[in-house]
Number of protein chains: 2
Amino acid sequence: MSGGTAMSGNDLDFEGWTCPLPLRDTPTVVLGHGGGGAMSADLVEHLFLPAFGSAARAELGDAAVLPRPGGRLALSTDTFVVKPMFFPGGNIGDLAVNGTVNDLAMAGAHPLYLSTAFVLAEGTPMTDVGRVATALGKAAERAGVQLVTGDTKVVDHDSGDGVYINTTGVGVVPDGVDIRPDRARPGDVVLLSGPIGLHGIAVMSVRDGIDFGTRVESDTASLHELVAEMIATGADIHVLRDPTRGGVSATINELARASGVGIELIDRAIPVPGEVRDACGLLGLDPLQVANEGKLLAIVPADAADAVVAAMRRHRLGAQACVIGHCTVEHPQVVTLRTGLGATRVLDAPIGEQLPRIC
Amino acid sequence: MSGGTAMSGNDLDFEGWTCPLPLRDTPTVVLGHGGGGAMSADLVEHLFLPAFGSAARAELGDAAVLPRPGGRLALSTDTFVVKPMFFPGGNIGDLAVNGTVNDLAMAGAHPLYLSTAFVLAEGTPMTDVGRVATALGKAAERAGVQLVTGDTKVVDHDSGDGVYINTTGVGVVPDGVDIRPDRARPGDVVLLSGPIGLHGIAVMSVRDGIDFGTRVESDTASLHELVAEMIATGADIHVLRDPTRGGVSATINELARASGVGIELIDRAIPVPGEVRDACGLLGLDPLQVANEGKLLAIVPADAADAVVAAMRRHRLGAQACVIGHCTVEHPQVVTLRTGLGATRVLDAPIGEQLPRIC
């Protein structure tokens with residue numbers, strides 16, 4: 001559908017996007033779309049609800065009332081400000097679902113509900129908003145989470161940057177599950193669910209005209225089903241964490257500090273795709289500091305490691321799961337990296353902003 | 001305390017704000033504070049946690065795990081982008097708590113937990129961030145809600161506008177309570193908790209050099225305790241809604257449409273403070289379209305109205321509660337206003353952005 005003939009919500013096609021009435025008269029976002037009046041209502045009714053699709057509860061009111069949950073609650077929030085909004089393999093809408101679903105999953109929670117809060121810059125094309133909202137709806141559907149309540153604000157053209165999205169997720173933690181960043185113990189084994197760096201490099205590849213020659217696609221994904229398989233082994237999983245901002249380096253250092261253990265990683269055991277290694281070489285970056293949004297680190301008792309790795313490998317998102325290190329009583333709170341030459345160096349956490357924001 | 005002598009979190013005083021080590025070396029926000037590395041951790045440890053005070057759960061991790069709640073869940077989200085951040089009677093930190101707590105309260109929920117997600121513009125003074133976070137923590141403490149999980153992103157100086165805050169709230173709805181925007185019935189009575197317009201006018205008074213000569217202070221407040229008193233009367237409260245963006249006009253029109261009833265308001269019955277009326281006259285605004293954050297509209301069965309009004313008046317935040325209209329079978333989905341002269345006119349919802357953003 002390419003013309004301006006959409007006459008109802010049923011005609012919307014956000015992928016080859018035609019703006020529906022009555023939004024067609026304003027092909028870009030204007031301040032009035034955030035004013036709480038009729039234009040705000042139009043945006044929800046004619047753009048967000050059709051774009052979100054079956055993942056949305058139809059009311060999307062100021063507050064959602066939901067059934068009494070059957071366990072401890074998990075709550076997680078994240079605001080996504082990724083630049084650019086669109087990148088190979090996804091867009092900010094996918095990330096806004098996967099990022100928050102994954103934070104819940106890293107607490108061992110089964111995700112149930114998401115709130116979505118958009119901040120739109122005036123002048124953003126409605127088609128971009130539609131594409132992002134559609135991606136968000138589809139990602140929520142794939143993840144099996146409901147979009148239950150939302151908010152939209154519009155800011156001056158100079159004040160915003162296209163689209164920011166906050167998602168806050170509610171999940172339920174099964175009885176007996178106790179996964180926390182401070183539960184790593186000496187002797188525990190460190191697992192990684194697969195190759196690192198693809199998401200961060202994919203986002204960087206479309207920033208600022210950087211062209212690596214090869215096309216790297218983001219591997220952004222929701223990991224809660226993989227986590228459920230790991231939990232189903234019956235292993236006492238101590239720690240789960242997704243290495244997002246700051247990459248594996250930042251995350252593993254956080255865990256070492258939180259648990260008060262030393263962690264020794266084996267450089268050669270950490271899978272880094274060739275195109276990620278090449279791009280990092282070109283840009284002078286450390287692949288261990290590149291962000292991910294579709295990978296997880298797990299710390300498990302040594303005697304459970306084989307069973308957990310096997311369970312992960314049976315799942316599509318853990319097919320290349322592997323052991324990358326272990327926890328030790330030596331050098332508490334410090335992470336070391338054993339290099340291919342047999343030397344060992346300290347692996348520091350990155351200090352500030354090493355990479356373009358990718359989540 | 002005015003010097004740069006703060007040596008630990010215990011020395012912080014955000015009101016006369018001295019920046020703690022190690023943030024003192026960066027008196028403004030820089031991109032690295034959002035990078036997920038050591039600077040991000042410093043910001044949480046040395047600014048947000050001390051500023052939030054006793055309202056914060058100490059961990060503030062990626063996901064919070066919380067006890068199994070004792071009822072249906074209510075979930076609400078709101079992003080606050082108010083300009084300017086500081087205004088007479090409050091700042092964006094107070095609003096970020098009260099706005100979301102009130103959205104929960106309007107579903108009849110008892111608020112329990114808030115997530116807080118900050119988007120900071122690079123270059124924002126740390127003292128401003130500290131003042132906002134302190135106000136947020138104090139408002140949460142007053143409201144009795146816990147800050148359980150958070151997120152911080154930093155955007156380029158040109159992309160953001162000081163501080164945006166998303167709060168998402170989780171509450172519990174008591175058994176038997178069923179408060180929804182579509183439950184207004186013909187014959188029901190419309191109640192208002194007090195004078196309107198103070199918050200919106202207070203924010204406008206410090207925008208763009210507007211000076212009204214008189215000082216108007218925001219009446220922003222969390223209304224859940226007032227709501228609890230109303231519910232405690234045993235009345236079957238049909239609808240609650242806080243007239244925020246778009247004011248009473250937008251809100252009451254939404255309710256008329258949602259419930260399919262006509263609503264007739266009596267102009268003279270709606271309390272408008274003199275200074276609000278004066279400022280609106282000066283600016284050519286309709287007080288009914290000015291935003292509030294500390295007032296509520298209620299729609300209740302006629303035979304319960306007296307008891308509910310009496311209960312409201314016993315509470316500090318409802319001392320001036322009054323009847324302002326009723327629902328009718330005539331003109332369904334349309335709101336009319338009976339003027340002082342005895343004429344009746346249609347009260348339309350505002351279309352877009354009538355006022356500066358005030359929430």
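Modeller: The account below begins with the interface and then turns to the chain and to some points of its backbone.

The model is a predicted one. On the side of chain B, 66 residues are in contact with 65 residues of chain A. Between them, chain B and chain A bury about 5,200 Å², and 55% of this area lies on carbon and sulfur atoms. Three residues deserve mention by name: Leu73(B), Leu75(B) and Arg245(B) supply 14% of the area that chain B buries against chain A, more than any other three residues.

Charged and polar pairings also cross the interface. The rule finds 4 salt bridges between chain B and chain A. In one of them Lys153(B) is joined to Asp78(A), with the closest N and O atoms 2.7 Å apart. Polar contacts link 11 residue pairs across the interface of chain B and chain A, counting pairs in which both residues are at pLDDT 80 or more.

Several elements of chain B contribute to the side that touches chain A. The helices α1 (38-52), α2 (92-105) and α6 (247-259) each supply at least two residues. The strands β1 (63-66), β2 (72-80), β5 (110-121), β6 (146-155) and β7 (163-173) of chain B likewise supply at least two residues each. By type, the residues on this side of chain B divide into 28 nonpolar, 21 polar and 17 charged.

The relation between the two copies may be described next. Chain B is superposed on chain A by a rotation of 180 degrees, with 0.0 Å of shift along the axis and an RMSD of 0.0 Å. The copies are therefore related as by a two-fold rotation axis. Moreover, 98% of the interface residues of chain B are also interface residues in chain A, so the copies meet through the same surface.

The chain behind this interface can be outlined briefly. Chain A has 8 helices and 14 strands. Of the 359 residues in chain A, 62% are buried. Among the contacts in chain A between residues at least 6 apart in sequence, 84% join residues at least 24 apart.

Two features of the backbone remain to be described. Most residues other than glycine have a negative phi, and most peptide bonds are trans. The peptide bond from Lys83(A) to Pro84(A), however, is cis, with omega near -10 degrees. Pro84(A) lies in the loop between β2 (72-80) and β3 (86-87) of chain A. In chain B, the peptide bond from Lys83(B) to Pro84(B) is cis, with omega near -10 degrees, and Pro84(B) is placed in the loop between β2 and β3 (86-87).

His331(A) has a positive phi of about 30 degrees although it is not a glycine. The loop that holds His331(A) runs between β12 (322-328) and β13 (335-338) of chain A. Because its relative accessibility is 27%, His331(A) counts as partly exposed. His331(B) also has a positive phi, of about 30 degrees, and is found in the loop between β12 (322-328) and β13 (335-338) of chain B. With a relative accessibility of 27%, His331(B) counts as partly exposed.

Terms used: Residues are numbered from 1 along each chain as its sequence is written. Chains are lettered from A and ligands numbered from 1 in the order in which they are written. This is a predicted model: local features need pLDDT of at least 70, side-chain atom pairs count only at pLDDT 80 or more; totals for chains, interfaces and linings use all residues. Side-chain values use heavy atoms; hydrogens and water are left out. Contact means heavy atoms within 4.5 Å. Buried area is the accessible area (1.4 Å probe) that two parts lose on being put together, summed over both. A salt bridge is a side-chain nitrogen of Lys or Arg within 4 Å of a carboxyl oxygen of Asp or Glu. A polar contact is a pair of N or O atoms within 3.5 Å; within protein, one must be able to donate a hydrogen and the other to accept it, and residues adjacent in sequence count only if both atoms are side-chain atoms. Helices (H or I, at least four residues) and strands (E, at least two) are DSSP runs, numbered from the N terminus. Ala, Val, Leu, Ile, Met, Phe, Trp, Tyr, Cys and Pro count as nonpolar, Asp, Glu, Lys and Arg as charged, and the others, Gly among them, as polar. Copies are superposed by least squares on the C-alpha atoms of residues with pLDDT of at least 70 in both. Buried means under 20% relative accessible area, exposed over 50%, partly exposed in between (1.4 Å probe, protein chains only).
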